[in-house]
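Please read the following note beside the sequence and the model. The points below concern a pocket and a ligand.

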Amino acid sequence: MAEKKARQIAIYGKGSIGKSTISCNLSAALADMGYKVMQVGCSPKADSTAFLQNGEMTENPILEYSRANGMDADKIENCITEGYKGVLCAESGGPDPGAGCAGRGVAMALDYLRKYEIYAKHDIDIVIYDSIADVVCGGFGQPMKAGYAEEVYLVTSGELMSTYSSNNICSAINTVAAAGANTRACGFLVNLRGVDNEVELVTDFSNKIGVPIMGIIPRMEKVQRAEARGGTIVEKFPDSPEAQLYRDLAKMVVENKNKYMPTPMSLEDIIALARVHEAFE
Ligand code: ADP
Ligand code: MG
């Protein structure tokens, strides 16, 4: 078996900020560059990888499958599908709604991937964890814990709740680092919402947190047009400037070697920052 160690990268941000769109386009661009990529959706919604798979939801999210069938080294392969250009896709899935803890579910699903050495078995170069962060409970923090992603990208906009969520993720990075993980923040990916003073606010926020802005992504109507066709911009509009933007991001992620220990702000300071920039939702 190959002894290559996959490079593991986590994309974190609040719900609906654009993590899955960024993750899928990054995965597609990395696959175009020749890397063997695996994208792991870490949310009970199990919709992370759909646009790598013609817009279709994964049939067997790991937790749902394991509840019904148990789990072993062969069974877990039933939870892994091949999407665009050979990108491997898996979804943690989650507990039945109203029963069980979604965060713990993510942790269990990721533990299966590790236990059965899926990344080595499939000779994966790069793993992308598409990770939620509405609440950074222990389970949702699993993708950044020791043995998983050491590189975290924070998806944010200039909206207060989005910076609040990114700030929580920074606190979680501090916590896992204090527990011994080499996990650090690599940068902000700003997914613009079009609110006033947005870039100014995130620039200010980034300076205070001590983590640089590594990419700014405008609102792009091609995101929806690509989704309507069941795929990413990289797949459906490969010659567009929008696809080039995601390819540039992918190249930046591959080449980046800088990691930062964030210095989270207090809630009062975040609110003050939003007030200065008049950025309230
Ligand atoms: P998350 O995974 O963080 O919950 P998604 O990636 O699913 O968020 O994005 C939420 C919605 O926003 C989707 O419907 C997607 O089409 C849209 N979206 C994301 N990024 C952009 C963008 N740059 N321009 C326009 N629409 C976007
Ligand atoms: Mg998502």
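1. α1 contributes the most to the lining of the largest pocket, namely six residues. Helices (H or I, at least four residues) and strands (E, at least two) are DSSP runs, numbered from the N terminus. The elements that give two or more residues to this lining are α1 (19–32), β2 (37–42), β5 (126–132) and α7 (221–228).

2. This is a predicted model, in which local features need pLDDT of at least 70, side-chain atom pairs count only at pLDDT 80 or more, and totals for chains, interfaces and linings use all residues. Residues are numbered from 1 along each chain as its sequence is written, chains are lettered from A and ligands numbered from 1 in the order in which they are written, and side-chain values use heavy atoms, with hydrogens and water left out.

3. The lining of the largest pocket comprises 38 residues, and those nearest the pocket centre are Gly18, Lys19, Ser20, Thr21 and Glu227. A pocket is an open set of points on a 1 Å grid over the protein atoms alone, where a 1.4 Å probe fits, with protein on both sides within 12 Å along at least five of seven lines; lining residues have an atom within 4 Å of a point.

4. Of the 16 residues around ligand 1 (a heavy atom within 4 Å), Ser16, Lys19, Ser20, Thr21 and Glu227 come nearest.

5. Polar contacts are pairs of N or O atoms within 3.5 Å. An oxygen atom of ligand 1 lies 2.7 Å from a side-chain N or O atom of Lys19, and a polar side-chain atom of Glu227 is 2.8 Å from an oxygen atom of ligand 1.

Note on methods:
Polar contact = N/O pair within 3.5 Å; in protein donor to acceptor, adjacent residues only side chain to side chain.
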